[in-house]
Structure formats: structure tokens, C-alpha cells
Amino acid sequence: MSVLTGTGALARLIVRRDRLLLPVWGLLAAVYPASIASSTAALYPTAEDLRGAADAASANLSQVATRGPVFEASVGGLTAYTVSSAGAMLLGLVSMLLVIRHSRVEEESGRRELVGAGAVGRHAPLTAVLAVVLAANLVIAVLMAGALIGAGLPASGSFALALSLAAAGWTFAAVGAVTAQLTQSAVAARGMGVAVFIAFFLIRAVGDVGGVAWLSWMSPLGWTARTRAFAEERWWVLLLLLALVGLLAGIAYRLSARRDLAAGLLPARLGPSAAAPGLRGALTLAWRLHRGQLWSWTAGFAVGGLALGGAVSGEIEDQIKAPQIMEMIARVGAGDAEPVDFFVNYLLSMLAWIIAAYGILSALRLRTEETAGRADLLLATPTSRVRWALGHLIMAVAGQAAALIALGAGAGLAYGAISGDLGKLPLVLGAALAYLPAAWVMTGIAVLLAGLLPRLSMAAWGIWVVFILLDVFGMLGQVDESVLVVIPFVHVPWVLLGQVTVAPLVLLSAVAAALGGVGLAGLHRRDIA
């Protein structure tokens, strides 16, 4: 029997299991650059406007750190500058998580051992997931290039940008394959992968901000930007990325061949024989399970808040005083507001969507514990289902609050320091916290699905993506307002623009509580697993 026997069947199984996630992820990634290109063309209609925007972006060190350099003052060049970093994150992190989900998670749950009892080769599972994820990135690249060409951009630059982002997805899929071999815990494998991504991001950011070209070339995220889409493309850079993918995949296969099934190369640390007093309750156990994620997200958003506030410098003020931006301000009902305040509040709203994802991730831990069989063991004790679920739910909503506080405090501190008015700190903090009830609604949706429709619990991610797309296109005036009422974030007042209304926040909190309550009631009544 070959080491690749059964690869095709396992690949088809992966596609079937992720038949909702793959299309939603692909659609979001494919249309995102084209939407940015259309917005850029509308915001900067003349060559002079484009040159001014490019100069302002290059002069803003915070934007250079988060997005990279601008290589061409054109619609395509600014589109590549805007989406390169975010697109690499979207394709790279999702690809890495998918590989870990269908490799390490399968071994941790015991399903890989059952599959291995059939006619399946040693490397078939890893090959199957790599093949699916790499093929998905390639399909996304083709769709992305087609959308960019449809938006009026040159074909050469469109394919260069799309393939560079796909290469980022391939690279971190290979990183995920390596980390999945190192540890027997899926959580640790994800943590290692995210740490590698952050390290590469920081190396690229420091190199670009400091003008140290060789340092930027030390990061594959620097390579994706240096394909120079729409600016005399460097196709040979893609060969470097493909070589790196091949090297990492080869390392993953070599490591896989040297370890036992369900084990990692790094030895697992054994815990104490008896639980500490602080772990003898449902809430304290949930804290133990969630604390690493909570601290890392909170620290990350504190840094992100500082970067957000630091991006508001004198150079950006003229850049965002375009007529289209003023139309967006009028659309949210604050026509006399300062454009910079709108810019900060808008970025807070976008980051709040990511914090909403934290709540979904934490709430769906209920389903993970259930399918892994650990919930059965816990519920065999006097712990009730609702009490067990409330522990995870409390950590989800508290984690969202902590992340928003960190984001608002960091952004308010940096924004106040740059503007010379630290009185902005409580306003920015309040603007961030205003999104907390809306984030809770997304958590409530996840709890509702996990409690009533557990097999469809992953649909919470699909709802999250659809809501984001509607929100973004609604802000651009491309979606009717009657459709936008279903989005919880649309009802959040823009505090920095002078909108201070409590009623929508109370209503959103009540909706979140109702969704969570119905979900907990469903969990109480249905069978486990």
C-alpha cells in the first residue's frame, strides 16, 4: 500500500465537511480587492488625487507598518497597497487553521486513528488537506483576478496581486502543516502558527518603516508585497514563495514520518495528579481553558489600538477629506463631524467585527468540547449542562469586553497624544465599548446554533461574514437600508460623531440575552453529541 493511498477520498471528505466554509471564505477573499479598487477609483478620480493619496500614505509610518509601501500612484497600485497585508492575513490565517483542523484536530479527537484502520496511507491525510487548501487558494486567486479585471484594472497586475495573496495562503498552510506535527494539542499548534505569522508581520513592518530592505526580504509577507502588482511586476518573487512552500511541506512530511500517531514531536507537559481548588467549578475550568486566548487577544488589540490611534497623523487628515468620505459621514447621520473622528470610529467598527469573532470562537468551544467527548465526562459529575455552558459563555462575553477596552484605551491614548488632547481618551474608549452589545449578539447567534442546531453551529461564521459584507457595502451606499437593519452593528451609535443614544444598546443587549437564553434552553433539552 502506498503512503498516499486514500488521498482522493479524504480530500472529497474535507470538501464535504467544509462545503459552507470554503465558498463563503472564497467569496469574501475574491470580492474584497475588487471592492477596494472600485472605492479607490471613486475616491481619487484624477492622477493628482492618486499621487496625493500615495504620498500621504508613504509619509504615514503607521500605515506603512500595517500595510507596507506604495509602489505605484495608480488605482491598481493603491489597491495592492491597501489589500496586500489584509489579504495575506485573510488567506494565510484561514489556510493555516484549515490545515490544523483537518490534521492535528482529527488526531486529537481520535478520528484519524479510525480512518487509519482502513486502506489509508501514512501521508494521505496531510496530503489531502494540503491539496484541498492549496487548490482553494488557487481558485480564489482566479476569481480575484477576474473581479479585478472586471473592475477595470490591467490583467497582468490583477493576476500578480491575486497569485501573491494565494502564495501567502499556501505559505501559511505549510506553516500549519509543520506546527501540527510538533505538538499533540490543536490549541498549541494554532498558537505556534499565529506566533509565526505575527513574527513575520513584525519583521516586514520594521523593515518597511525603517527603510531596511534586506529585513523586509526576511519575511514571506514582505515577498508578497514585493511582487509589485501594477508596478512593473516581479514574477520571479512568486518562485521564492513556491520554493518556501515546498521546503515547509517537505519538513512537515519528514516530521510526520518520525512521530507516533496522535503524538507530537515536542513532549507534552504532564499536569498534576489532582486538580487545584481553583479548577473545581465550571467557571474556573472555563477560565483555565480560555485564559491563554483571552490574554493574547487582549494584548493584541491593545497594540492594535495604539497603531490605530497612531495612524491619525497630520498627513492623513487631508487624505480623508474627499467628497466620498463626506458622503459616508452624512450617511451615518453626522454631516458636521470631523473627518478624522469618523476615520477613527470607522476603524473601531471594523476591528469590533474581529472582536465579535472572538465571541463566536469562544462560544463554539461548547460544541468542540461536546464532539471531543470531554463534555460527557464533565457532565457525569454534579455539574449541570447550563452551568457548564454558562462558564464558556461568560468567558466569551467577558473576553469581548476586555478586548474592546484594550482597543479603545490604546486608540484613545495614541489619538489623544497625537492631537494634544487626552480628553479624547474617554470618548474613544466609549466609542469602542458601544460595539460590545452588537458583539454579544454575534455570540448569542453562536450559542443559539450550538444549542438548537448543533450540526449547523459552524454557520455562525457564515452569518458573521455575510453581515460584514453587507455592512461594508452598506457604508458605500451599495446596499438598501431596509436590508441593513438585520445587522447588529448598524444600530450602534457613532460616539465620536456625537451620537450618544442608549436605547439601541439596551435593545441589542436584550436580543443577545434572548438568543443566548434560547440556545441554553435548547442545550438543556437535547441529547449531548
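Visitor: Is Leu138 buried, partly exposed or exposed, and what is the relative accessible area behind that label?

Guide: This is a predicted model, and every value here is computed from it. Buried means under 20% relative accessible area and exposed means over 50%. Leu138 has a relative accessible area of 41%, so it counts as partly exposed. Its place is in helix α8, residues 124-150.

Visitor: Which residues does Leu138 contact, beyond its neighbours within four places in sequence?

Guide: Leu163 and Trp170. Leu138 can also be placed against Ala167: they are 29 residues apart in sequence, and their C-alpha atoms are 8.6 Å apart.

Visitor: What share of the contacts in the chain with a separation of 6 or more comes from residues 24 or more positions apart?

Guide: Such pairs account for 77% of those contacts. The chain has 25 helices and zero strands. Of its 529 residues, 51% count as buried.

Visitor: How many residues are in the largest nonpolar core, and which have the most contacts inside it?

Guide: A nonpolar core is a set of buried nonpolar residues joined through side-chain atoms within 4.5 Å. The largest one here has 73 residues, and those with the most contacts inside it are Trp25, Leu78, Leu91, Val99, Met144 and Leu161. Helix α9, residues 155-182, gives the most to this core, with 14 residues. Apart from it lies another core of 65 residues, among them Tyr346, Ala363, Leu379 and Ile528.

Visitor: What does Leu91 touch, not counting residues up to four places away in sequence?

Guide: Its partners include Trp25, Ile140, Met144 and Leu165. Asn137 and Gly169 are also among them.

Visitor: Where is Thr227 found, and is it buried or exposed?

Guide: Thr227 is found in the loop between α12 (220-225) and α13. Its relative accessibility is 3%, so Thr227 counts as buried. A polar atom of the Thr227 side chain lies 2.8 Å from the backbone oxygen of Thr224. Beyond its neighbours within four places in sequence, Thr227 is in contact with Ala160, Ser164, Glu233, Arg234, Val237 and Leu238.

Visitor: Which residues form a nonpolar patch on the surface?

Guide: Trp236, Leu239, Leu240 and Leu242 do, with about 400 Å² of accessible area together. Residues in a patch need over 30% relative accessible area. Leu240 has 34%, so it is partly exposed. Leu240 is found in helix α13, residues 236-257. The chain as a whole exposes about 23100 Å², and carbon and sulfur atoms supply 68% of that area.

Visitor: How many salt bridges does a search of the whole structure find?

Guide: Side chains of opposite charge can pair when their charged atoms come close. The search finds 10 salt bridges. In one of them, the closest N and O atoms of Asp55 and Arg51 are 3.4 Å apart. Both residues lie in helix α3 (residues 47-59), four residues apart, about one turn of the helix. Asp55 is partly exposed at 43%, and Arg51 is partly exposed at 45%.

Visitor: Are Glu107 and Arg104 buried or exposed?

Guide: Both are buried. Their side chains meet in a salt bridge at 3.6 Å, N to O. Glu107 and Arg104 lie three residues apart in helix α6, residues 104-109.

Visitor: What is the distance between the closest N and O atoms of Glu369 and Arg374?

Guide: It is 3.0 Å, in a salt bridge. Glu369 is buried at 6% relative accessible area, whereas Arg374 is partly exposed at 35%. Elsewhere, salt bridges that share partners join Arg204, Asp208 and Arg226 into one network.

Definitions and conventions:
Residues are numbered from 1 along each chain as its sequence is written. This is a predicted model: local features need pLDDT of at least 70, side-chain atom pairs count only at pLDDT 80 or more; totals for chains, interfaces and linings use all residues. Side-chain values use heavy atoms; hydrogens and water are left out. Patches are made of residues with over 30% relative accessible area and no salt bridge: like charges are joined within 9 Å, nonpolar side chains (Val, Leu, Ile, Met, Phe, Trp, Tyr) within 5 Å. Accessible areas come from the Shrake-Rupley method with a 1.4 Å probe; for residues, only the protein chains shown count as cover. A salt bridge is a side-chain nitrogen of Lys or Arg within 4 Å of a carboxyl oxygen of Asp or Glu. Helices (H or I, at least four residues) and strands (E, at least two) are DSSP runs, numbered from the N terminus. Buried means under 20% relative accessible area, exposed over 50%, partly exposed in between (1.4 Å probe, protein chains only). Contact means heavy atoms within 4.5 Å. A polar contact is a pair of N or O atoms within 3.5 Å; within protein, one must be able to donate a hydrogen and the other to accept it, and residues adjacent in sequence count only if both atoms are side-chain atoms.
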